[in-house]
Amino acid sequence: MKKFIIYSLILAASFSLPACKKFLDIQPLDKLSGNNFFQSKEDVEANIYDLSRIVFGKFNETHFIGATGEYRSGEVLYESQSDLAPAREFVEILGKNNLLGLLSGNRPWDFYNFNRITDWTDYYRAIQGANILMAKLDEGVPGLTDVQKNQYKAEAAFIRALSYFVMVRLYGDVVYYTDAFHSTPLPRENFVSVLNKCIADLKTHKNQIPWTYTDPSLKGVRASRGSIIALIMEMNMWNAGFDANNSKKYYQETADLGREMIASGAYRLLPITEWATVIKGRSDESLFEFYRSINYGDQNTNTAPVADMFLHYPYKRPEYTHRVSFAYFRGEYMQKIFQDGSDKRITSWFNEDIFADNGKFMMLKFAQNSFSTGEEDANPDNTFMIFRYGGEILLAAEALADLGEDTEAIKLVNMVRDRAQASKYAGGGGSTLKDFIFYERSRELIGEGHHYFDLVRTKRILSSQWSYNVLTSDKFIRGAWTWPISGNALNNNPFMRLNDYWVNGGN
């Protein structure tokens, strides 16, 4: 325990180091601790925990999931009648892809700190920490068996690859390295290449970590074989959208990994009546999450959860500032994706005003674990879900449909629809099936931060059939789907460049 406290203080101190340093000179943890930290299993456990905490910090420091994965295609509008309306207009600024306006400063929503999304420093801190941990494990840590060492290396590889994956979807090309104590300036590398390197790395570790954990407190919280498979699947499908010449390879690998995950029996779709268990966290459906609980005194930023935007009194307090939700999904959009009245997600995840087109709309999907503490602006006590079984089943179905294996794709789609007690898909194959799977992911994963990225990787963002904020081919090629990168990235790196689209005014 003493070592854990010392380590935590050392890591916190490293966060406050001056920003103007040598390129990627993120203070190595072993130098800060006199090169004597990794001396036991407990030391490694503490390190794994803190590396995960660094990445979670990026999700918790602003309204990250909504801003990056939900609003940029224009399906969400803000409720102008809310007492706090001006501060929530950012959803429509995002919906018009006006990121420079969002980040311009002196705006009512500045307290959301959206500018932090442009700063990739903490991702590289996590990457550097994972690199160092893997190097120290190879050197040898007293008391660890080979099985334990390999499992910890797999966890570190997952955190490293997850950091790269998040950055690729935000910024496109990124600097890639895996050696410990890296400080040499490097240029940004093509993101397809980066993800292929991450995939190759994860494959070497995939079978050295258990499918899940017997300790229920670790399910979904610690990386597992299911976590690694989910991440490889996501990376493959992202690359398939940008590397057309090799798309069949990516689809095949995603389909095969989906089959492997399902055949393992390690995970299951919980009944829709038990959704509260899923979103609370640590369930049999969770593949990876950032678990949070008021029982542990976790301090979430109030504005970080998606639920903050789509709930009102009595789920949000006090009543006088939460008479309506801050934002709502367009009624037209909700009618498009939820046409099947038998779908129990409609009644389980939303209030009766699902098509209201105003602040009466509520997304109860994230209100299943509400608590009436009376605390002002408190959000439901839920996890931050990153990957879950339902999403990966549908990703495998998408890959199968792209391979022309329609029968098996439909079987997987109906696994998810059966859980929702929705009518089975009985349509045709080909493009009709592919479109249905896209909508099914939009339904199943609504509010979980996948929708915008699905639009980008499938190029549906280029069509008004799919997006209220269409990007032209020219804008797409120039990187209008990315985020601006903080100018701090240029410090002491002559090879660095920022995203041209945003540097040139976002036009």
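This is a predicted model: local features need pLDDT of at least 70, side-chain atom pairs count only at pLDDT 80 or more; totals for chains, interfaces and linings use all residues.
Helices H8 and H9 are roughly antiparallel to each other (angles over 145 degrees count as roughly antiparallel, under 35 as roughly parallel, 65 to 115 as roughly perpendicular and the rest as oblique). Residues are numbered from 1 along each chain as its sequence is written, and side-chain values use heavy atoms, with hydrogens and water left out.

Back to that first pair. The axes of H8 and H9 come within 10 Å and cross at roughly 165°; axes here are lines fitted to C-alpha atoms, for helices over the stretch in contact, and angles run from 0 to 180 degrees between N-to-C directions. H8 covers residues 146-171, and H9 covers residues 191-205. Helices (H or I, at least four residues) and strands (E, at least two) are DSSP runs, numbered from the N terminus. The H8 and H9 crossing is left-handed, meaning the near helix is turned anticlockwise from the far one by less than a right angle (clockwise would be right-handed). On the H8 side, the contact (heavy atoms within 4.5 Å) includes Ala 157, Phe 158, Ala 161 and Phe 165, and on the H9 side its members include Phe 191, Leu 195 and Leu 202. By class, this contact has 12 nonpolar, one polar and three charged residues. Ala, Val, Leu, Ile, Met, Phe, Trp, Tyr, Cys and Pro count as nonpolar, Asp, Glu, Lys and Arg as charged, and the others, Gly among them, as polar. In the loop between H8 and H9 sits Phe 181, which has a positive phi of about 65° although it is not a glycine.

Now follow the chain on to H10 (residues 225-240), which packs with H9 at an angle of about 155°, their axes 10 Å apart. That makes H9 roughly antiparallel to H10. This crossing is left-handed. Among the H9 residues in the contact are Phe 191, Leu 195, Ile 199 and Leu 202, and H10 brings residues including Ile 228, Leu 231, Ile 232 and Trp 238. The contact of H9 with H10 divides into 11 nonpolar, four polar and one charged.

The loop between H9 and H10 holds Lys 219. Its side chain is joined to that of Asp 284 by a polar contact of 2.5 Å (a pair of N or O atoms within 3.5 Å; within protein, one must be able to donate a hydrogen and the other to accept it, and residues adjacent in sequence count only if both atoms are side-chain atoms). Not counting residues up to four places away in sequence, Lys 219 also touches others, among them Tyr 213, Arg 282 and Glu 289.

H10 has another partner, H15 (residues 389-402): the two axes come within 10 Å and cross at roughly 40°. H10 and H15 are therefore oblique to each other. Ala 230, Met 233, Glu 234 and Met 237 of H10 meet H15 residues including Glu 392, Leu 395 and Asp 402.

Finally, look at the loop between strand S2 (286-290) and strand S3 (327-329), where you'll find Pro 314. A cis peptide bond joins Tyr 313 to Pro 314, with omega about 10°. Pro 318 lies in the loop between S2 and S3, and a cis peptide bond joins Arg 317 to Pro 318, with omega about 0°.
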